[in-house]
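Subject: Structure handover

Hello,

I am passing this structure on to you.

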Amino acid sequence: MNPDLTDSILYLDAVSVSFDGFRALNDLSLVVGRGELRAIIGPNGAGKTTMMDVVTGKTRPDNGTVVFDGSTDLTAMDEAAIAALGIGRKFQKPTVFDGQTVEDNLLLALEGPRSAVSSLFGWRSRVAVEQVLDVLAIVRLGDLRAKLAGSLSHGQKQWLEIGMLLAQNPKLLLVDEPVAGMTDAETEETARLLTSIAGDHAVVVVEHDMSFVRTLNCKVTCLHEGSVLAEGSIDLVSANDRVIDVYLGR
Amino acid sequence: MMRAILLILGLLSCSLLSPLPVRADDSAALLSRLATDNYGDIESGITALASSGLAGSEIILNALADGRLSYRPSDKALFIKDASGAWMEAATNATPASVPMGLKPVKVNNRVRRALEAALGSMTLMSPDPLKRIAAADAVFKSRDANTLAALDAVISKEADATVKRHFEDARAAVLMLKSDAPEADRVAAANTLGARGDQDSLALLSSVTEANAPANVVASASLAAKGIERRLALLSTAQNAWYGLSLGSVLLLAAIGLAITFGVMGIINMAHGEMVMLGAYTTFVVQEFIRAKAPSLFDWSLPIAIPLAFCVSGLVGLLIERLIIRHLYGRPLETLLATWGVSLVLQQAVRSIFGANNREVGAPSYMTGVWDLGGFQITYGRLWIIVFSLAVFLALLVVMKGTSLGLRMRAVIQNRRMAAAMGIRTPVIDALTFALGSGVAGIAGVALSQIDNVSPNLGQSYIIDSFLVVVFGGVGNLWGTLLGALSLGLANKFLEPLAGAVLGKIVLLAIIILFIQRRPRGLFALKGRAVES
Amino acid sequence: MIAFLFRRFDKTATGFILALALIAVLVPVFNLVVSETSAFHIPNYLVALWGKYLSYALLAVALDLVWGYCGILSLGHGAFFALGGYAMGMYLMRQIGARGVYANPILPDFMVFLNWKELPYTWYFFDHFAYAALMVVLVPSLLALVFGWFAFRSRVTGVYLSIITQSLTYALLLAFFRNDMGFGGNNGLTDFKDIVGASIQSPSTRAALFALTAVFLALGFLVARALVTSRFGQVLAAIRDAESRTRFLGYRVEHYKLLVFVVSAAMAGIAGALYVPQVGIINPSEFAPANSIEAVIWVAVGGRGTLVGAAIGAVLVNFAKTWLTGTSPEFWLYGLGALFILVTLFLPKGIVGALAARFGQRGEGDAA
């Protein structure tokens, strides 16, 4: 067996996706280890979001292999099945349930049975509420618990969505631009949070904010035109000539 | 001058057609053969008379058929009673000096009657009028009376008109086909002739040739010819179905084409779209009423006049709907659906209040009526014009969308509203104009549909579901998809109809489309990629 | 079970159930007990008419369940209503027995008229009320299950779903118009005589049917309410507001939609079954797309996502319809059309939604 595959939480090999002739992913290969924190950078259109779409089942790859946890082929599964495996996602544009309260948003995300029949029973158990309170404390939305999610600010929605990810307790977190709309202090806080949950969970972060990526202090992958341009420590990648050409600028 | 030529031609053809110049004493002998009460003699006399070409023999035979022929046993002279009851000498056509006495009617039994009918049939084969000759040949084709064979052979050799000659030959083939004592070679040739004729009657005749009534050789060639006809007929019915399908498709295209703009391109669910079509149809009605009252001579121009008017009426109503209702509901498609449904109810009731609930008569101009027959393949001019018209409207719309600055701005607003606004395009104006354009095109469709459908307040209702299905099937936001969707739905409908019946065919088609939409929710020409999701 | 139905009750729901209980008792009493000369007497025709309104209200509650809480705008709910109605109608037809015009003990009149010799297998067992009652629920549910399975699995949403539900009822309309379908063709099923042994025309049967309709409306309301206030309802609202986000949380959206769609279809079927004996006829026009979309406006007028509003809207709109078609028929379509336009433009939350907003309560659809 390929050790890359068996030791990985996420294994992408030669994945290609094209939309009407435009190749969004081009022979992309990427391996994320268990408990690893990984930052993904790259210019717009590099395929970062498409890569997440492929992993979470939103987009089917034209060809290539996508394997989760060393053994599960993701290409044949739909979003719900993939989420149930333990892959959580935060979207680039914060997507929360505007019509429901902050607490209910977290309750919806909370790890537990997802089937329609089971949902007819067992709502708001004491254990569930306690777990939600814990998450609320982490993301500092305790005061806003009973407010409608739609009335939150952009930054608060980001926190709520991160909170939903935590409540989901997935093995792999895909976090798309978590700090957009946050203050510097909040950005630092987010970096601390993500570093702390890595280890127990694997975390893949897509970000443009280079100083934020730097604080994460982890392996960085730079994507360009649908495939990996450079990979390694932040210093190594940011010193790469081609990365500078296509992304960072001189 | 003309007359003289015609006369000469007539005389020529008469002399050509009379087989033999009959001498006077021969004619007396011929006629006397009927003056008997022996049926066998009468029968042979009829056949002899019919093939003699004697002038007036047709009158004599007709009189016999009507029971108006009598003979004087003393001198075997024949007399005909005319409609007024007066007698006339058959040989001379002269009225006798005195009322003839002691006449006995020439009697007729079934055998004689058959011989008589065949004889009369073959007599008209010699008529100077080509149409009559064709009719006679077709009558023989149907009756297949072996007695006419001699007459047919005679006329075929003399016939100059190729069309008439072909009918004669077909008739002869029909007679020979089932004539068991005819030479085998003749019957094989007959099968080929019938095969070449290739209609339903020939097929029935050829199929009736079996081992029981023909030698194997003849049966083989008959079945070969029958197969050929079946192929031809199948091809013809396929072509006819395709034509009907094309015609239905063009109607669907007309009904859906405005929707391809308002729904397909703008994404507005306009349930009152059918009523825009209906308004166009009523505009046509009003224009025609006006023309009938003021300038009847312009009637043929009523449709060309109605087209721009219908565009304006429906376009204006569309503009009002957009400004007053739809613009408040952008981004809320389900609410738009409900509100425009309300509009459709109001428009229907308004038309019902003004014009009454009954169907209104919209006339067809002269160029819309008539049939064009292409060897069994029939094309009605009305349908032909509607197909041409729908394609013309489609192309015009394509040109407007792709080739004008208005079209460019429309596409810009649709693709990226905020960017377009930032570039100085007044998006509300473009929205309103685009919607008005789609509605106006629906009105134009109404002009065409008034020609083939009942003009009633419910006209639009019958098209709305079909139109939506066409647009969704073809792929939203793609005019070519709408064209293909309309034509394929039209064809599918017409090819399903003979298999499943009209209503069941429609149900089957609906079921297929429902399944199709579920497999490919975004139609035949789906846009892919992330842009679709947002 | 009872506890499940009544949990998380609020004032509106309690008031609604009490009001239904009240009219379920009072209307029959004022019809049967109070003397005909009294000013308080309710004439027979009104009992049947109000019974019809209540069955419409149940249809509206069913529609609100899918539209108001899950965002599925079904323009084909009339089909489920009509199928339930046909199942009941078939039972009533077979109860006629030999009292039909042709006095055939087995075959309904229209089959004798069509020269049919045998009962089609679709009509077997419909002489048993229990079987018919089962079919009232089963047939619409099954159709909803098959249709929904295809539609939701392939993620047909929004107006596309609306259009294909409309096509569904349109296809059924065409099918039921056909004589050889064996459901009475154009004329449908009518001339009913008995229901479970009681004459369908007698005032006491009518009163009983009315009370029964009120009870079923209350039950339907309770079931719907229990569904939407459970975790299930929470997920439904999540699907309504952000369907794909719900998927990424691991919820099988199609299963949730299917379950609520089937429950709603069954409810609509029951409403149809209650409707038919009270109006005395069921024919293919019940499948007309216009009927289904009219039911949508009842819900919109009352306030979608409120359940109570849907029921109130159904009664109000139909009351107005009866009144207007009686006084000035041509004005009804103007009125209905205007209702569609004005409600969507100026009263998007409906009457109950607007009142709730006015008095500082959140609509029940928002959260619970």
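Helix packing in chain B

Helix H12 (residues 273-294) and helix H13 (residues 302-324), both of chain B, pack at an angle of about 135°, and their axes are 8 Å apart. Axes here are lines fitted to C-alpha atoms, for helices over the stretch in contact, and angles run from 0 to 180 degrees between N-to-C directions. Helices are DSSP runs of H or I with at least four residues, numbered from the N terminus. The angle makes H12(B) oblique to H13(B); under 35 degrees counts as roughly parallel, over 145 as roughly antiparallel, 65 to 115 as roughly perpendicular and the rest as oblique.

The model is predicted: local features need pLDDT of at least 70 and side-chain atom pairs count only at pLDDT 80 or more, while totals for chains, interfaces and linings use all residues. Residues are numbered from 1 along each chain as its sequence is written, and chains are lettered from A and ligands numbered from 1 in the order in which they are written.

On the H12(B) side, the residues that meet H13(B) include Met276(B), Leu279(B) and Ile291(B). Their partners in H13(B) include Ile305(B), Leu309(B) and Val317(B). Contact means that the C-beta atoms of two residues, placed from the backbone, lie within 7 Å. By class, the contact of H12(B) with H13(B) has 10 nonpolar, 7 polar and no charged residues. Ala, Val, Leu, Ile, Met, Phe, Trp, Tyr, Cys and Pro count as nonpolar, Asp, Glu, Lys and Arg as charged, and the others, Gly among them, as polar.

Helix packing in chain C

In chain C, the axes of helix H8 (residues 203-229) and helix H11 (residues 253-279) come within 10 Å and cross at roughly 170°. H8(C) and H11(C) are therefore roughly antiparallel to each other. Leu209(C) and Phe216(C) are among the H8(C) residues in this contact, and Val260(C) and Met267(C) among those of H11(C). The contact of H8(C) with H11(C) divides into 10 nonpolar, 3 polar and no charged residues.

Chain A has 23 residues in contact with 21 residues of chain C. H3(A) supplies the largest share of the chain A side, 4 residues. The side of chain A that touches chain C has 9 nonpolar, 9 polar and 5 charged residues.

Regards

Terms used. Helix = DSSP H or I, 4+ residues; strand = E, 2+ residues; numbered from the N terminus.
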